[in-house]
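Open the model in your viewer and keep the selection tool at hand. The stops below go from confidence to sheet, then helices, then cores.

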Amino acid sequence: MSMMTRQILSALGVSFILSIVVPALVFLVFPLDHWQLLWERRVMDLPFVIFVPIMMMGAGIIYGVFSGLYWKRQWKELDEQLYLLQQGRASQKTPVFSLQELRRMAERIGHVQKQMNEQVKLSQKMANEKAVDQEKQIQEIISRERNRLARELHDSVSQQLFAASMLMSAITESHADTESTEKKQLKLVEGMIHQSQLEMRALLLHLRPVALHNKTLQEGIQELLVELTQKVPMEIAWKLDPVILDKGIEDHLFRIVQESVSNTLRHAKANSLEVLLMSRDELLILRIVDDGVGFSVDEAKAGSYGLHNMYERAVEIGGTMKVVSVPNQGTRLEVKIPFMHVGDEEND
């Protein structure tokens, strides 16, 4: 039975009882001369004895309807509170209840909702921390495995390539007066070994990237390029202006330098490499230029993971990256980011 029906029936029953009891009490106190007058006296063309119960029952029905609507609205609001609690959502409005018992129930629902929200926040925080810890553990495992592979490649394949290069150079020098065809073949093999060495050094640079580790960006780039000058037969120059940057920006720029230098070693066949780091017009500019064979930038964007990774790193630190490459004339990579001094945010 619904709230509306129950209220109407209860009001109707009470009004019917009152329509009998109240007139009976009145007539007992003030008795009539003749009880037949109740039937003879007419109101609205109805006997008085019938009119009074009908009016009382009508008033009871009206009262029951309005009372039912009122309580139905009250219980509906409480039901909505419970439904939102079941769905795990917070109510956008605070319902007002007339009964103290309903207000107490609403307050308890609000307390349960707050507790559930706190539990949800705590669960999400724990899940995020767990995901971060797992990601950190995965990255540590990957880093250790990459370092292990790099050491094995350096101690085996890289050393063998170096020995093969030295042996090939000796063979070429000992056959300096041989026929031109054989000499060209020896030079070709020597060039292939040389290119393999460059590929191996670029691969080692990818597998075991040097971290900054308490160094500034300028110190890290300079250390990387100095090491390359000792291992790669390439003219390498650099100009690094002293700038103070946040650690996150330094790390992203350093990784871009590593990726770009690695691509140069593997693909450019360049004779010279230049790295510039400078501050101009409130912009920090990183420019890497080589005189290699060049490539199609549009095709590289679609298929090069390394190039895409550099673009993403530049965007993550609020900058832009532009690559210009001309076949047989070289490649220029330029990263520009708004220059922010460390501590600017603290002074705002």
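**Start with confidence**

Select residues 342-348: pLDDT stays under 50 there, and the model has three contacts beyond four places in sequence for this stretch. This is a predicted model, so colour it by pLDDT, the predictor's confidence in each residue. Helix H10 (residues 344-347) has the lowest confidence, with a mean of 46, while strand E3 (residues 235-240) has the highest, at 94. Over the protein the mean pLDDT is 76, and 72% of the residues reach 70 or more.

**Whole chain**

Zoom out to the cartoon. The protein has ten helices and seven strands. Of its 348 residues, 30% count as buried. The exposed surface comes to about 23300 Å², with 58% of it supplied by carbon and sulfur atoms.

**The sheet**

Next, select E3, E4, E5, E7 and E6. In the order E3-E4-E5-E7-E6, these five strands make an open sheet with mixed pairing. E3 and strand E6 (320-326) are at the edges and have a single partner strand each, so one side of each lacks a neighbour in the sheet. On average, neighbouring strands here are turned by 10° against each other, direction ignored.

Now keep strand E4 (residues 272-280) and strand E5 (residues 283-290) on screen: they pair in the antiparallel sense over eight bridges.

**The cores**

Which residues have the most contacts inside the largest nonpolar core? Show Leu 253, Met 321 and Val 335; the core they belong to has 36 residues. Elements giving two or more residues to this core are H6, E3, H7, E4, E5, helix H9 (305-316), E6 and E7. H7 gives the most, with seven residues.

Centre the view on Val 335. Leaving aside residues up to four places away in sequence, Val 335 touches Leu 253, Ile 256, Leu 284, Ile 285, Leu 286, Ala 314, Thr 320 and Met 321.

For the last stop, select Leu 85, Phe 97, Leu 102 and Ile 109. These are among the six residues of another core, which lies apart from the largest one.

Key
Residues are numbered from 1 along each chain as its sequence is written. This is a predicted model: local features need pLDDT of at least 70, side-chain atom pairs count only at pLDDT 80 or more; totals for chains, interfaces and linings use all residues. Side-chain values use heavy atoms; hydrogens and water are left out. pLDDT is the predictor's confidence in each residue, from 0 to 100. Helices (H or I, at least four residues) and strands (E, at least two) are DSSP runs, numbered from the N terminus. Contact means heavy atoms within 4.5 Å. Two strands pair if DSSP finds at least two bridges between them. Axes are lines fitted to C-alpha atoms, for helices over the stretch in contact, and angles run from 0 to 180 degrees between N-to-C directions. A nonpolar core is a set of buried Ala, Val, Leu, Ile, Met, Phe, Trp, Tyr and Cys residues joined through side-chain atoms within 4.5 Å. Buried means under 20% relative accessible area, exposed over 50%, partly exposed in between (1.4 Å probe, protein chains only). Accessible areas come from the Shrake-Rupley method with a 1.4 Å probe; for residues, only the protein chains shown count as cover.
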